[in-house]
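Hi,

I'm passing a structure on to you, as promised.

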Amino acid sequence: MILKTVIFSSLLAVCYAANNDRSWTTDEGVKIEIIKKIGDSKCKIRSESGDQLEQFYKLSDKEGKVIGSNFGQKPYTFTLGKGEVIHGMDVAMEGMCVGEQRKVVIPPEQGFGDDGEEVEGKGDTLYYFVELKSIFRPKPGDKWITDDGVHIHITHEVEGCTEKATAGDTLHQQYTLYLEDGTFVDSSWSRNRPFIFKMATGQVIKGMDVAMEGMCQGERRKVVIPPELAYGEKGRPPAIPGNAFLHFDLQLEKLIRPGKEEL
């Protein structure tokens, strides 16, 4: 009898461990269930803070009615752990493999809260089905400060680059903008289209021309632009206060040089 009890208890422990490996609740109250698991042999890296992710999602209400979805469309792109999505989604996408699918239940305090405008009904619990399409993990390079006072850090360098951005080039740029305290301001990634401008022609703030100088197609940088090379004492209300240092994550997606084919 004792032996049977021990065997039964062991089986329960194994079953619990197996289930716990596929579903759990985080400290933040986010409920996660793995629907499609990727084996270790195929999972080269798992998502972590700082990775740029491409995500497919379907958002439903508690009755299962679909509120929004981008399956069959362009994936949503964001940097994990940087406040570019609701906090519950940053939590939910941590530790995923490419191709993995999860069901996620996000409580109101980790979602849109009482101020939610993107879902039907403010302060609702959010029911997501998500799939991780890709992970980009950067290869960092040099850091320096320009004579103009712009801080530049290459967060992903491109090997074998021969064409570097300079005056007159048309740049297709992806960016995310934060204030010095980490407040998220804007991102081209969230719109799934690049910002396009011609360098050194007054189409952007002076600090941006400085920040993009010498970039290679595919290169990424973190830059800090002082207010005198941005929006100065007046700022750009309401998002950017006066005398604000602008913190950008930048990628040069495409470089087009006059008289040459696209690189």
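**What I found**

Let's begin with one cysteine: Cys43 has a relative accessible area of 12%, so it counts as buried (under 20% relative accessible area; exposed is over 50% and partly exposed is in between, with a 1.4 Å probe and protein chains only). Before going on, note that this is a predicted model, in which local features need pLDDT of at least 70 and side-chain atom pairs count only at pLDDT 80 or more, while totals for chains, interfaces and linings use all residues. Residues are numbered from 1 along each chain as its sequence is written, and side-chain values use heavy atoms, with hydrogens and water left out.

**The disulfides**

What does Cys43 pair with? Its partner is Cys97, and the two form a disulfide with sulfur atoms 2.0 Å apart; the cut-off for a disulfide is a pair of cysteine sulfur atoms within 2.5 Å. This link connects distant parts of the chain, 54 residues apart: Cys43 sits in the loop between β2 (31-36) and β3 (52-60), and Cys97 in the loop between α2 (87-92) and β6 (101-106). The element names come from DSSP runs, numbered from the N terminus: helices are H or I with at least four residues, strands are E with at least two. Cys97 is buried too, at a relative accessible area of 1%. The torsion about the S-S bond of Cys43 and Cys97 is -85 degrees, and their link is left-handed.

Searching the whole structure turns up two disulfides. Besides the link of Cys43 and Cys97, there is a disulfide that joins Cys161 to Cys216, again 2.0 Å from S to S. Here Cys161 is in the loop between β9 (151-156) and β10 (170-178), while Cys216 is in the loop between α3 (206-212) and β13 (220-225), so the pair links distant parts of the chain, 55 residues apart. The disulfide of Cys161 and Cys216 is left-handed because the torsion about its S-S bond is about -100 degrees. Cys161 is partly exposed at 24%, whereas Cys216 is buried at 4%. Number the bonded cysteines in sequence order and the pairing reads 1-2, 3-4.

**A serine in a loop**

Ser188 is in the loop between β11 (184-187) and β12 (195-198). Is Ser188 buried or exposed? At 1% relative accessibility, Ser188 counts as buried. Its side chain makes a polar contact of 2.6 Å with that of Gln174. A polar contact is a pair of N or O atoms within 3.5 Å; within protein, one must be able to donate a hydrogen and the other to accept it, and residues adjacent in sequence count only if both atoms are side-chain atoms. Skipping neighbours within four places in sequence, Ser188 is in contact (heavy atoms within 4.5 Å) with Gln173, Gln174, Tyr175, Arg193 and Phe195.

**The nonpolar cores**

A nonpolar core is a set of buried Ala, Val, Leu, Ile, Met, Phe, Trp, Tyr and Cys residues joined through side-chain atoms within 4.5 Å. In soluble globular proteins, nonpolar side chains tend to be buried together.

The largest core here has 27 residues, and those touching the most other members are Leu171, Met208, Met212, Ile225, Leu246, Phe248 and Leu250. Two or more residues come from each of β10, α3, β13 and β14 (246-256). The largest share, five residues, is from β14. Apart from this core lies another, of 22 residues, including Val30 and Tyr76.

**The salt bridges**

There are twelve salt bridges in the structure, each a side-chain nitrogen of Lys or Arg within 4 Å of a carboxyl oxygen of Asp or Glu. In one of them, Glu163 meets Arg257, with the closest N and O atoms 2.2 Å apart. Glu163 is in the loop between β9 and β10 and Arg257 in the segment after β14, so this bridge ties together parts that are 94 residues apart in sequence. Glu163 is partly exposed at 21%, but Arg257 is buried at 16%.

Arg191 and Asp186 form another, at 2.8 Å between the closest N and O atoms. Arg191 is partly exposed at 34%, and so is Asp186 at 23%. A further salt bridge joins Glu219 and Arg221 (2.7 Å, N to O), and both of these residues are buried.

Cheers!
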